[in-house]
Amino acid sequence: MEHGHQHEHSIERERECVTGVPIFQQLSDDQITSVAKVTRPIHADKGGTVFSAGEVSQTLYIVNQGQVRLYHLADDGHEQVLRVLNPGDFVGEIALFTDEIHGSYAEATATTELCTISRASLTALIKTLPPLALSLLGALAVRLKTAEKQATLLAIPDALPRLAGYLQELSAHRTGTFDLPMSKQDLAAYLGMTPESLSRKLKQLSTKGVLETVGRRQVKVINVAKLAELAPE
């Protein structure tokens, strides 16, 4: 069940949506049109539900504008953020291969526009567009690598090296300022920490001369070597 509001079908709107998605950017103009013809945009307000755990997954969701967070709910109501989807990111590809039930919730964290493609339409596209199949496999490989890194970080009992390892990867082992891909509250949940603990650890890194926080969503790495010392091997 799609919770977002579906817009009136307009091929130009869908073309705009599709051309901004990395997995479609290797396609020709005619192939882009083929994808656009089976794409439907939906809108989700901030805080709106895109899909819920327990629902049947039969749709590929691609973020065009805005942001969506994916999270699990534990029995005690605690949220574990799995991923945050920014423009060009997608979810729902498992529906291509099996009848899957969503195990997580997807919630818009800002006013969001998504492209949606049904399972039947995407399967047909993959059969006729080999470049799309290769792009999708490449994106899934990156997704798997990211999930493995998150699992490795969550296995570290100490929150400081857990945070240092995440920031090291995000900064690409360089000095300079970069944007956090999610809110600090969601980042805390992603790393298995409380927001209060995240704030304390960021202050600790700042005190050590490792980094500075710039505004609400930016971090400036000052000392790469010190960050590497704190990060796990």
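The model is predicted, so local features need pLDDT of at least 70 and side-chain atom pairs count only at pLDDT 80 or more, while totals for chains, interfaces and linings use all residues. Residues are numbered from 1 along each chain as its sequence is written, and side-chain values use heavy atoms, with hydrogens and water left out.

Helices (H or I, at least four residues) and strands (E, at least two) are DSSP runs numbered from the N terminus.

Three strands make an open sheet in the order β12-β14-β13, paired antiparallel; pairing takes at least two DSSP bridges between two strands. β12 (176-179) and β13 (211-214) sit at the edges, each pairing on one side only. Between β13 and β14 (residues 218-221) there are four bridges, and E212 has K220 of β14 as its bridge partner.

As for the helices, α5 (residues 159-170) packs against α7 (residues 195-207) at about 75 degrees, the axes lying 10 Å apart. Axes are lines fitted to C-alpha atoms, for helices over the stretch in contact, and angles run from 0 to 180 degrees between N-to-C directions. The two helices, α5 and α7, are therefore roughly perpendicular (65 to 115 degrees; under 35 is roughly parallel, over 145 roughly antiparallel, the rest oblique).
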